[in-house]
2 protein chains.
Amino acid sequence: MTVNQNIVKTQDANCPHDKRVSCGNCRLNTICLPISLHIEDIDRLNGIIQRGKPLQKGDYLYRANDHFHSVYAIRSGAVKALTLSDNGEEQVTGFYLPGEVVGMDGIADNHYTNSVIALETASVCEIPFNRMEELSLQIPNLQRHFFQLMSREITQDQQIITLLSKSSAEERIAALLLSISSRNSRRQLSANAFRLPMSRTDIGNYLGLTIETVSRIFTRLQKQNVISVDKKEVLITDMELLRNIANGDGHC
Amino acid sequence: MTVNQNIVKTQDANCPHDKRVSCGNCRLNTICLPISLHIEDIDRLNGIIQRGKPLQKGDYLYRANDHFHSVYAIRSGAVKALTLSDNGEEQVTGFYLPGEVVGMDGIADNHYTNSVIALETASVCEIPFNRMEELSLQIPNLQRHFFQLMSREITQDQQIITLLSKSSAEERIAALLLSISSRNSRRQLSANAFRLPMSRTDIGNYLGLTIETVSRIFTRLQKQNVISVDKKEVLITDMELLRNIANGDGHC
DNA sequence: GCTCACATTTGAGCTAAATCAACTATTTAC
DNA sequence: GTAAATAGTTGATTTAGCTCAAATGTGAGC
């Protein structure tokens, strides 16, 4: 029943296309797993995780209304989650980077409410939820970890609510850039220079702005020497000012 | 250690001021508890629940940054949750009615991110989280139930995100009225006539609108004979039209 | 390289909701 | 009861961001 994937460590264990990956040697495990898990428990968790072939840009990981079966940790690349609103429009509800987990919206009624689409080539670790639940009954730290993961999703969604409810277009864009920046630095990547995996359209959809407004704000931030943008490459040139803008101190 | 509150059933078990309440005889238990719980498991859960004296209007249940200890099921009355945004403004993140559970935002890092304030006299059932976690290890249905509760909070927050990102002021108000209506009917109350427990200011804050806009929309909906408003009392006179308005078919 | 589809930028004008302001109604405190 | 504070309504004006429009840049397929 269990596919044994507790395979020996290799130097290339985090190469996205390398199947010889286990939670025990994954560089992301401090993000995706509970820090306090014992080595043997990590192996047990690793034992239920399934790793398929990578998604190509535009591929669906799952679709809204699909039967809920698993949550997924992003191992490489990036994905977006989106819901269909009642009148049929798409709403991007989040961008997920390596080490982050998608699919927890499906637990409530056994069907996903979001669709998840790869923004670029992406590999994921599938965590069958029923097996994770069983394991959680035996590993209290794992149960706690999933409660925390879901709680974090709640607090993040509430931050987006605040952003959409209270902030100007400029503040929204600044906050998104800072979010991506800090998530990159958590993965030991540069906080100042990175490539946005999503289109301007996705950004606008996520932040409740039109694509034109997104484009104008990028141009404006660049003129203010806060960032430097070249297509999807972003360089934050004045982190302090960007934080001020995000907090609404931009021009008051 | 355990305060035994498995007290005999009374006719008045749901009177908010009556301490002789147990999960086993609570009218709300189909909303707040997993349906599939065995009677003895309900008693075990009931054993860890603490019921204090009711909150008065304006009282805090807990404050943002307080140490996280418990989640709370609303037994009577109504509360609002709110976060402080980075620039110090309040953002109402939700209204919670009897049978609904608040506090799950605190699990992620052991501190609440929201404050919760009573909108009117309200009584709550305190569920100490550590004890609930222990019990969840022994009662798989309880573990599942909490995963589902948290998942539902996620999907609801994402619906608010969509509302704020995509909908007009009129659509937002219509959606809020429909949400309260359906939550009332779930509790066997009227879906058409009810009292809003929150102020116009709270509604505006929650929906990302100014109080003036909220007021104007109420007036407009009344002129369109969709609702009839008298202070906080609302009568939905054309449910079908209200649904159409909420879905953006109001005037297109 | 060339073509076609698509993504992005920029400009001009419009509009929904915000802001500012004045007034009325309802609580709360004394 | 009365006064003061709070909550809600309505009107006039402003504005941030939307819509419409046109041009330009970019990538995939041949």
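Chain A averages a pLDDT of 89, and 91% of its residues score at least 70, where pLDDT is the predictor's confidence in each residue, from 0 to 100. This is a predicted model, in which local features need pLDDT of at least 70 and side-chain atom pairs count only at pLDDT 80 or more, while totals for chains, interfaces and linings use all residues. Residues are numbered from 1 along each chain as its sequence is written, and chains are lettered from A and ligands numbered from 1 in the order in which they are written.

**Confidence**
- Over residues 1-18 of chain A the pLDDT is below 50, and this stretch has 31 contacts in the model beyond near neighbours in sequence, a contact being two residues whose C-beta atoms, placed from the backbone, lie within 7 Å.
- Where pLDDT is low, the predicted coordinates should not be read in detail.

**How the two chains meet**
- On chain A, 37 residues are in contact with 37 residues of chain B.
- Strand 4 (90-96), helix 3 (129-138) and helix 4 (140-166) of chain A each supply at least two residues of the side that touches chain B; helices (H or I, at least four residues) and strands (E, at least two) are DSSP runs, numbered from the N terminus.
- Helix 4 of chain A gives the most to this side, with 19 residues.
- By class, the side of chain A that touches chain B has eleven nonpolar, 17 polar and nine charged residues, where Ala, Val, Leu, Ile, Met, Phe, Trp, Tyr, Cys and Pro count as nonpolar, Asp, Glu, Lys and Arg as charged, and the others, Gly among them, as polar.

- The same surface serves both copies, as 100% of the contact residues of chain A recur in chain B.

**Around the DNA**
- DNA strand C is surrounded by 16 residues, the closest being A:Ser199, A:Arg200, A:Ser215, B:Ser168 and B:Thr213; a residue is near a strand if its C-beta atom, placed from the backbone, lies within 6 Å of it.
- For the surface near DNA strand D, the largest share, six residues, comes from helix 7 of chain B, and its residues divide into four nonpolar, seven polar and five charged.
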